[in-house]
Amino acid sequence: MMLELKDINVFIKSSHILRDVSMEVDEGEVVCLIGRNGAGKSTTLRSIMGFLKPETGSIKFMGKDIIGLPPHEIALLGIGFAPEESEIFADLTTFENIEIATWTRKTTRTAEERIKLAYSVFPSLERYKGRKGTEISGGERKMLSIARALAMDPYLLLLDESFEGLSPAIIPQIASSIHQIAKMGHSILLAESNIYHVPDFIDRLYIIERGEIIFSGKPEELKHDRAVLRIVAGAA
Ligand SMILES: Nc1ncnc2c1ncn2[C@@H]1O[C@H](COP(=O)(O)OP(=O)(O)O)[C@@H](O)[C@H]1O
Ligand SMILES: [Mg+2]
């Protein structure tokens, strides 16, 4: 198993945010964590990355216990993270934002290869490689955030709401880029609040509601679970 969360409980200040959350991502899998706003998706991803520390439970990445490691060490183990707010460097160019990721983690692929791969997945970033982070659109910032995480050459990518706030025209483009990344062999865990944005190529999904996993299975299994569908889709 590539990533394994077992019964994690996370508190922020004194609020109990994640309750016994367990989930897994296997090698080569694309897994989606679906839940309404405030359900606990970002908290889950931030706990995996080491920004939040669970009180109890375990998080294992490639067999290694990672709770307590600082975020940069977790990234170096091979987990790329594209946070909800993109968090790209606004003063750096698109190229520099991607290039930086190649410095931090060394892998068998050269920096040139990794930058080329990122551009092959997001061609518009190559067109705008000289533009600063402030000079590209919201959709391109989302792409850049994913491209930068990809340029780390990670085993696993965590993508937090990659489709949020984007125009309907750009959503299929980004979905197809994520599909390309999956086909390169990277495992992917993506968080999504809008069930209609969940790409059709995902292998498995989890539904989180008020900090608890209330469903886990394959997409076709969800279609038969009206009670859960009512929660995430607002209809049965
Ligand atoms: N820094 C914080 N301080 C207090 N509460 C927080 C903080 N961050 C998140 N929360 C709470 O944790 C819950 C889960 O938030 P979050 O993981 O961001 O949800 P999601 O990503 O699914 O929208 C929400 O109720 C939110 O209000
Ligand atoms: Mg969130």
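In which helix is A151 found? A151 is found in helix α6, where helices (H or I, at least four residues) and strands (E, at least two) are DSSP runs numbered from the N terminus.

## Basis of the model

This is a predicted model, in which local features need pLDDT of at least 70 and side-chain atom pairs count only at pLDDT 80 or more, while totals for chains, interfaces and linings use all residues. Residues are numbered from 1 along each chain as its sequence is written, and chains are lettered from A and ligands numbered from 1 in the order in which they are written.

A151 is buried, because 27 other C-beta atoms lie within 10 Å; a residue is called buried if 20 or more other C-beta atoms lie within 10 Å of its own, exposed if 12 or fewer, and partly exposed in between, with C-beta atoms placed from the backbone. Leaving aside neighbours within four places in sequence, A151 is in contact with I98, A101, T102, R114, I115 and A118, contact being defined by C-beta atoms, placed from the backbone, that lie within 7 Å. By comparison of position, A151 and L190 are 39 residues apart along the chain, and their C-alpha atoms are separated by 17 Å.

Two packed helices are described by the angle between their axes and the distance between the axes. Here the axes of helix α4 (residues 111-121) and α6 come within 9 Å and cross at roughly 145°, where axes are lines fitted to C-alpha atoms, for helices over the stretch in contact, and angles run from 0 to 180 degrees between N-to-C directions. On the α4 side the contact is made by R114, I115, L117, A118 and V121, and on the α6 side by A147, L150 and A151. Sorted by class, the contact of α4 with α6 has 7 nonpolar, no polar and 1 charged residues, with Ala, Val, Leu, Ile, Met, Phe, Trp, Tyr, Cys and Pro counted as nonpolar, Asp, Glu, Lys and Arg as charged, and the others, Gly among them, as polar.

## The nonpolar core

The largest nonpolar core has 65 residues, of which I79, A147, L150, L156, L158, I188 and L189 touch the most other members; such a core is a set of buried Ala, Val, Leu, Ile, Met, Phe, Trp, Tyr and Cys residues joined through C-beta atoms within 7 Å. Helix α6 (residues 138-151) supplies the largest share of this core, with 7 residues. Not counting residues up to four places away in sequence, I79 touches I48, M49, F61, I74, P154, L156 and L158.

L159 is found in strand β7 (residues 156-160), and this residue counts as buried because 26 other C-beta atoms lie within 10 Å. Apart from neighbours within four places in sequence, L159 is in contact with A82, I146, I178, I188 and L190. Helix α1 (residues 41-48) is mostly covered, since 7 of its 8 residues are buried, and G50, which follows α1, has a positive phi near 90°.

## Loops and exposed positions

K13 lies in the loop between β1 (3-12) and β2 (15-25), and its phi is near 50°, a positive value in a residue other than glycine. K13 is exposed, because 5 other C-beta atoms lie within 10 Å. M62, in the loop between β4 (56-61) and β5 (64-65), also has a positive phi near 50° without being glycine, but M62 counts as partly exposed because 15 other C-beta atoms lie within 10 Å.

H72 belongs to helix α2 (residues 71-78) and is exposed, because 11 C-beta neighbours lie inside 10 Å.

## Overall dimensions

The secondary structure of the chain comes to 9 helices and 10 strands, and buried residues make up 42% of the 236 residues. A compact globule of 236 residues would have a radius of gyration near 18 Å, so the chain's 17 Å agrees with that expectation; the radius is taken over C-alpha atoms, and the globule rule is 2.2 Å times the number of residues to the power 0.38. Along its principal axes the C-alpha trace spans about 50 × 40 × 30 Å. Among contacts between residues at least 6 apart in sequence, 67% join residues at least 24 apart.

Definitions and conventions. Two residues are in contact if their C-beta atoms, placed from the backbone, lie within 7 Å.
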